[in-house]
Amino acid sequence: MPVVELSYSRLQKLIGKVSKKQISESLPFLGLDIESEDKDLVRVEYSPNRPDYSTDFGIALGLQGLLGIKTGSIKLKIKKSKEYKINVKSSVAKIRPFVTGIVAKNGKIDDKIIKQLMTMQEDLHSGIGRKRKKSSIGIHDLDKICFPISYGTTDRNYKFIPLNSVDEKTILDILKNTEVGREYGGVLGNSSQVPIIIDSTGQTISFPPIINSSITTVTTKTKNLFVEVTGINKEDAEDMLSVVATILHTAGFNLISTNITGSKNSSPKLESRKITVTPQLINESLGLELNNSKIISSLKKSRLDASIKGKNIVCDIPPYRFDIFGQMDIVEEVALGYGIENLTSLLSPSETLGAIHPISSQLKSLSLVMIGLGYLEALNSSLTSKKILYEMTNREPNNSISVLNSKSQEHTILRDLILPGLLENLSRNIHLPYPQKLFETGTIFVKNNPIYEKTNLAAVFANQDANFTEIKSILQSALKVGFNLDIETKTSTHKTFEKGRTASILAHGKTIGTIGQINSQTIEKYKIRVPVVGFEIILSGLIFD
């Protein structure tokens, strides 16, 4: 968990009339864990999903609300302007296609603010930026830049003077011989072209996502800032920008928009969004009987705006609160605004003892049998990628189930088979000795109205002499020993398995799965070096309902 160092006296100035004791007692109710205190200094741990808490400005906003000093949402006042233009070239489309930015003027910058801005920048990189892969941020001295600026690409022999340096270096040199280049250079892959931001005089501003130019270094003499964010996803880039814009607005800067054109880019809107929730859900979840007025005032103390519309409450979510996804997040904000300390604990009216669910017991028995047969248990995520689930296994994604608003660009599909995940495990372990034997029991998802779940068992055996007979004997043994269940096999075809070496698995006259040798095309896609045999069966309805 990231940690930020704060000054009680500085927080008091930012918050208003409040004592050190009030701040100390209130910090935990913002979800901040106090790590240590030393006179005026306090170190607190905050959740990565609240990057606005990486600075004292963000924490002061939260405490103002919690203490009732200032409530309601932060309204970003962004002056529209065509002066600060960013031209995006088409060459970045396949490398790092998105850029956004904002100008912040007439602020006061001291050493503490610079330190906090840098801390916030790195915490954003580590969190929503996924170590700069998804998005990265550059903060510059605006007065050293001549607009319009261009965001394009250059080759690795391009030279400029990077941050904290006095000598020109090639991009190749920066990537190989600087700490930041070695740590983050992998984000750019092996492309001969890399992103670059240049102003109208040809002066280098930034080499994203690696390092800024020396000439735009922010110092205590800086009064005006230019913030740029680049990334592979427009929404992630604007989320990052919204945090910085909110903090700079709170720090007293005047915000001015940038005018972005070209290659699927557009000027950031940084608009709020709305989530509707019922008072009934809030009260039932929290065990309270709050009226609408109290719910709204609680939300305002959490620095959100809300209004009544019919029987519902409509919440206005500021752009920097991208940690709020749905109704239960609103319930949590009501609890925080109402005061966690005001919630009373009650004993459960029923007195029951916990016990292992019969299905869990059966699955555990099956796992122990498979382990006894020499197989290693795997545990893969139910959320996977289209590539792993369909493209690599030669299957058509006709019944794929996609997840809305996934924070992962890659893992967006709910699995309908376990076997592709086990093949992916094998592909990541090609450097280890063979034979390799893996199995997994887990949930798969079937497209219907509504979507329903099933529990499956899958296993793979990778070795130079892997064959159909051996994997069939493993399946027969597992079901016979575990559940006294006999199975039959009947020749069939499957796009993932080798033709002529594939069979349907039958129990009680019904098809429950597929077994066979994985075809060579699939093996090549996964870059597995030896033959692989495997099976997958449906356990739901077979050993339990």
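This note walks through the predicted model point by point.

1. **Ground rules.** The model is predicted: local features need pLDDT of at least 70, side-chain atom pairs count only at pLDDT 80 or more, and totals for chains, interfaces and linings use all residues. Residues are numbered from 1 along each chain as its sequence is written, and side-chain values use heavy atoms, with hydrogens and water left out.

2. **Overall picture.** The C-alpha trace spans about 80 × 70 × 45 Å along its principal axes. The chain has 15 helices and 29 strands. Helices (H or I, at least four residues) and strands (E, at least two) are DSSP runs, numbered from the N terminus. Of the 545 residues, 50% count as buried. Buried means under 20% relative accessible area, exposed over 50%, and partly exposed in between, with a 1.4 Å probe and protein chains only. Contact means heavy atoms within 4.5 Å. Among contacts between residues at least 6 apart in sequence, 71% join residues at least 24 apart.

3. **Domains.** The chain is divided into domain 1 (3-66), domain 2 (78-261), domain 3 (273-338) and domain 4 (358-538). These bounds come from an automatic or database domain assignment. The centres of domain 3 and domain 4, taken over C-alpha atoms, are separated by 43 Å.

4. **Helix α4.** This helix covers residues 111-126, 16 residues in total. From first C-alpha to last it reaches 23 Å, close to the 22 Å expected at 1.5 Å a residue. The expected span is 1.5 Å times one less than the number of residues. Asp 110 caps the N-terminal end of α4. One of its side-chain oxygens lies 3.1 Å from the backbone nitrogen of Lys 112. A polar contact is a pair of N or O atoms within 3.5 Å; within protein, one must be able to donate a hydrogen and the other to accept it, and residues adjacent in sequence count only if both atoms are side-chain atoms.

5. **What covers α4.** The buried residues of α4 include Ile 113, Leu 117, Met 120 and Leu 124.

6. **Strand β7.** Seven of its seven residues are buried. Ser 135, Ile 137, Ile 139 and Asp 141 point one way, while Ser 136, Gly 138 and His 140 point the other. In a regular strand the side chains alternate between the two faces of the sheet. β7 and β14 run antiparallel and are joined by seven bridges. Two strands pair if DSSP finds at least two bridges between them. Ile 139 stands opposite Val 227 in β14.

7. **The largest nonpolar core.** A nonpolar core is a set of buried Ala, Val, Leu, Ile, Met, Phe, Trp, Tyr and Cys residues joined through side-chain atoms within 4.5 Å. The largest has 31 residues, of which Leu 124, Ile 137, Leu 225, Val 227 and Leu 248 touch the most other members. Elements giving two or more residues to this core are α3, β6 (98-105), α4, β7, β14 and α7. α7 gives the largest share, eight residues. Beyond four places in sequence, the contacts of Val 227 include Ile 102, Ile 137, Ile 139, Leu 241, Val 244 and Leu 248. A second, separate core of 29 residues includes Leu 363, Tyr 375, Ile 471 and Ala 503.

8. **A six-strand sheet.** This open sheet has the order β13-β12-β11-β8-β5-β16, with mixed pairing. β13 (211-212) and β16 (259-261) stand at the edges with a single partner strand each, so one side of each is left without a neighbour in the sheet. β8 (149-155) and β11 (193-198) pair in the antiparallel sense over six bridges. Ser 150 stands opposite Ile 198 in β11.

9. **A three-strand sheet.** β21, β23 and β22 form an open antiparallel sheet in that order. β21 (383-384) and β22 (401-402) are the edges, each with a single partner strand, so one side of each has no neighbour in the sheet. β22 pairs with β23 (413-414) over two bridges. Ser 402 stands opposite Ile 413. Thr 384 is found in β21. Thr 384 is buried, with a relative accessible area of 11%. Its contacts beyond four places in sequence include Glu 410, Thr 412 and Ile 413.

10. **Ala 60.** This residue is found in α3 and is buried, at 4% relative accessible area. Beyond four places in sequence, Ala 60 touches Leu 11, Leu 14 and Ile 15. Ala 60 and Glu 396 are 52 Å apart, C-alpha to C-alpha, and 336 residues apart in sequence.
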